[in-house]
Amino acid sequence: QVQLVESGGDLVQPGGSLRLSCAYSGSTLNPKTMAMGWYRQARQGAGKERELVATMTVSGTTEYGDSVKGRLGISRDNAKNTVSLQMNSLKPEDTAVYYCSAGYYCTGYGCYGANREAYWGQGTQVTVSS
C-alpha cells in the first residue's frame, strides 16, 4: 500500500514562485530507504510525455531535469516522509501537472518499488500565466 498526496499547485505569474509538497503514507515502501521525486506532464493532447523534474534519495543525492536546473530545488523531511519542490523564476513552459513519485530507486521516468512497479500521486496542477 502506497499513498502519495501532493499539494501546493496554483496559478502563478511568470517570474513567480511556488512550493509543492508531497506526503507519503503506507506500508509497502520503507521510508528509511526510499527515494522520492517530482515529475511533470504538460496538458494531454500536446504530445508531451511525463518528464523528470527532480529526485532525491534518502541520503540527499539529487538529480534535476535540464530544463529546471538552477530554478527549482527539491528537499525532503525524512522524519515526516515528505518531499517538497521549491519553484522559483517560473516560466509559462513550467505549466503542467506535477506528480510525486516514490520507490526504492528513481529514473528519468519515475520511481520504482521492489517489483519495478511505479508509485504515483494524483498530481497537482501548476499554471504559469499572466
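Let me begin with R40 and D94, whose side chains meet in a salt bridge with 2.9 Å from N to O, a salt bridge being a side-chain nitrogen of Lys or Arg within 4 Å of a carboxyl oxygen of Asp or Glu. What we are looking at is a predicted model, in which local features need pLDDT of at least 70 and side-chain atom pairs count only at pLDDT 80 or more, while totals for chains, interfaces and linings use all residues. Residues are numbered from 1 along each chain as its sequence is written, and side-chain values use heavy atoms, with hydrogens and water left out.

Returning to that pair, R40 sits in strand β4, residues 35-41, and D94 lies in the loop between β8 (82-87) and β9 (96-103), so that 54 residues separate these distant parts of the chain; strands here are DSSP runs of E, at least two residues long, numbered from the N terminus. Both R40 and D94 are buried, where buried means under 20% relative accessible area with a 1.4 Å probe, counting protein chains only, exposed means over 50%, and partly exposed lies in between.

D94 also forms a salt bridge with R71, at 2.8 Å from N to O. This pair, too, links distant parts of the chain, since R71 is in the loop between β6 (62-64) and β7 (72-77), 23 residues from D94, and R71 is buried, as is D94.

Elsewhere, D66 forms a salt bridge with K69, their closest N and O atoms being 3.2 Å apart, and here both D66 and K69 are exposed. Over the whole structure, the search finds 4 salt bridges.

Note on methods
Helix = DSSP H or I, 4+ residues; strand = E, 2+ residues; numbered from the N terminus.
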